[in-house]
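Thanks for coming. Please have a look at it first.

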Amino acid sequence: MILRHLLLVVERDFRLLIEYRLFLIIRWLWFGIQIAIFGLAISQLVVLEGYINYYAAGIYVATLYSAAMFVAVDISEEAEHGVVDYLLSLPINRNILIIGRAIGGGLRSLAATAPPLVITLLYVGVRNPYTLISAVAGLALLSFGVAGLAITIVSLLKSGAKTDILLGALDAFVIRLSTVFYPREFMPEAYSAAAAVNPLTHASEVFRWALGLPYEGDPIFSMVMLLAFMVSMTSIGVYLYEKRMEGGGWTS
Amino acid sequence: MSINGGVAVKLVNLTKYYGKFLAVDHLNLEIYDREIFGFLGPNGAGKSTTLLMITTVLRPSEGTAYVYGVDIRKDPDRVRQMVGIAFQDPKLYWVHTPYEILYWHARVCGYSSSEARQVVKEVLTRFDMWEARRKRAFELSGGMRKRVEIAKVFIQRPRLAIFDEPTAQIDVSGKHMIWEMIKELRDEGSTIILATNELYEADVLSDRVGIIYKGRIAALGTPQELKDTIPGGDVLEIDLDRPPSDEVVRRIEAEPEIVEVRRMNQRIRMYLNRVEEVLPRILAMLMESGYRVKRVDMREPTLDDVFLHYTGVKLVKEE
Ligand SMILES: Nc1ncnc2c1ncn2[C@@H]1O[C@H](COP(=O)(O)OP(=O)(O)OP(=O)(O)O)[C@@H](O)[C@H]1O
Ligand SMILES: [Mg+2]
């Protein structure tokens, strides 16, 4: 029953993908634009050979992060329709519900960003099947972890407007304080320290390693960090949910 | 059948504060196995809040409830295995269709995919929603959305089925269909809690009614018991062939169920309890005394009279 419920919750969240066709296309275009304009422009400034490839890998990770964070927007919108109350009333274990939503949201984000991923892989070129699998696994861990974080945030804030504001703020910080755009050696010390523990950094580096691009640190260590990130985010989500979560009281 | 001496749900000091506002005030109540329990109260009485606590969607501020002996605070997962609720406001995500919503619900409730397809078709057809099954939730009318919400419970067929104002927004034929289906569900062995502010619905459907007002239970019993508890709640009028004598009036007043007698020419109006028991005795006495009865009219109290009696306010505004 537990596995069955988990799969049903995952499937329900994953299927929302179909509802976002237009939105997805816009997101993919935005990815292309970022690479075409900013990537090329910045390549002129940064003293790093093949910066456009470096940038493409990073911007993919940032795109995946935003897509996974978007799970929070879905959930708060659902909540405004009262659907959270419905889900809470079902004969599904609450932990399974949260883990399922994190996995479903994570998978959906991966699927939603599949075309940019494939383009990056084809354009930059992957080293070998082993690195490809590792990269996808690392990105999946990031995606599940961020979706778990998104669920935690939205459950605690219980407000669409507050969620939007916090996501905006987080976006600005989390992406900048990582190696999405440039290596840590180009950062001020405080930034660099933050970037060292940022899961976006680790996802970017694993991805770059898999693509045969210049990378920092140890890919295995980065994988461990991503796994730790996912496990801790879902655990915190489950814990806080149990403590704080109840139906009702949602504001727009 | 029942594992708990016939009690399906037991509320023990169940309380909910929203901030400082006391919405549900230390409720103590037992709902019996396989009964339809009507939870009758005006807007804001605390019906929905109570039901949401029983379904473990809201956390009680104080007290608890037991569903078939299982504490909602200690083992909410097991409680939810036994409970299904149709919410007052349909909880449908706007992009989903009735078919998707009910199919997923059926799968969660343990149906295999082929069983789920079948039961969803049956229930949607019964609810007259098969045609509209592929519309999205935002394209449905208010009554249609409500039908989808209620259909969930009829797919789940839980041991404790909770309906929060099930027929609000539903048309007349739909109301009757839903009442029939609720009775069927009870006859199959489910316990039903029905929150409503419609007197008629509470009266015809409920085995017992709990009147809730300002977060407290004001009165509890079968609809008939409740009506009988109002002193002088029944009204009996008898028209005679001539004005009654003082002696006749005295003898009527001597009946223990009589609260008040008024003489109006040839008519006697009595305020009394249990009119069905008293009426034969009064008629016999009148005929014995040589009167001819030309007309008898009686009116039972409604649940609104009950409501007025216990809360001091009327549920239905006088026209
Ligand atoms: N989320 C909430 N936050 C604050 N107060 C609330 C909340 N939900 C309900 N209340 C208040 O609690 C009281 C009881 O509300 P509840 O919804 O339980 O009433 P009800 O009996 O179901 O009424 P109705 O017939 O209108 O559905 C009301 O005064 C309401 O304003
Ligand atoms: Mg209500």
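In which helix is the place of Ile150(B)? Ile150(B) sits in helix α5 of chain B, residues 142–156. Helices here are DSSP runs of H or I with at least four residues, strands are runs of E with at least two, and both are numbered from the N terminus.

Before going on, a word on conventions. This is a predicted model, in which local features need pLDDT of at least 70 and side-chain atom pairs count only at pLDDT 80 or more, while totals for chains, interfaces and linings use all residues. Residues are numbered from 1 along each chain as its sequence is written, chains are lettered from A and ligands numbered from 1 in the order in which they are written, and side-chain values use heavy atoms, with hydrogens and water left out.

Back to Ile150(B). Its relative accessibility is 1%, so Ile150(B) counts as buried. Buried means under 20% relative accessible area, exposed means over 50%, and partly exposed is in between, with a 1.4 Å probe and protein chains only. Not counting residues up to four places away in sequence, Ile150(B) touches Ala86(B), Phe127(B), Phe163(B), Pro166(B), Ile170(B) and Ile178(B). Contact means heavy atoms within 4.5 Å.

Which residues are closest to ligand 1? Of the 14 residues that surround ligand 1, the closest are Gly44(B), Lys47(B), Ser48(B), Thr49(B) and Gln88(B). For this count, a residue needs a heavy atom within 4 Å of the molecule. Some polar contacts can be named, meaning pairs of N or O atoms within 3.5 Å; within protein, one must be able to donate a hydrogen and the other to accept it, and residues adjacent in sequence count only if both atoms are side-chain atoms. A side-chain N or O atom of Thr49(B) is 2.6 Å from an oxygen atom of ligand 1. For Glu165(B), a polar side-chain atom lies 2.9 Å from a ligand 1 oxygen, and for Asn43(B) the distance from a side-chain N or O atom to an oxygen of the ligand is 3.0 Å.

Now chain B as a whole. Its secondary structure comes to eleven helices and 14 strands. Of its 319 residues, 54% are buried. Chain B is divided into domain 1 (7–227) and domain 2 (231–300), with bounds from an automatic or database domain assignment. The centres of these two domains, taken over C-alpha atoms, are 44 Å apart. The C-alpha atoms of the chain fill a box of roughly 75 × 45 × 40 Å along the principal axes.

Thr56(B) has phi near 70° and is in the loop between α1 (47–54) and β4 (62–67). Asn265(B) has phi near 50° and is in the loop between β12 (258–264) and β13 (267–272). Thr56(B) counts as buried because its relative accessibility is 8%, whereas Asn265(B) is exposed at 66%.

Next, the cores. A nonpolar core is a set of buried Ala, Val, Leu, Ile, Met, Phe, Trp, Tyr and Cys residues joined through side-chain atoms within 4.5 Å. The largest has 111 residues, and those with the most contacts inside it include Leu139(A), Phe207(A), Val67(B) and Trp104(B). Helix α3 of chain A, residues 51–80, gives the largest share of this core, 19 residues. A second, separate core has 36 residues, among them Leu92(B) and Ile155(B).

How many residues of α3(A) are buried? The count is 26 of 30. At 1.5 Å a residue, times one less than the number of residues, α3(A) should span 44 Å, and its end C-alpha atoms are 43 Å apart, which agrees. Just after α3(A), Gly82(A) takes a positive phi of about 80°.

Buried residues in α10(A) number 13 of 13. At its start, a side-chain oxygen of Asn198(A) reaches to within 2.8 Å of the backbone nitrogen of Leu200(A). Gly212(A) follows α10(A), with a positive phi near 75°.
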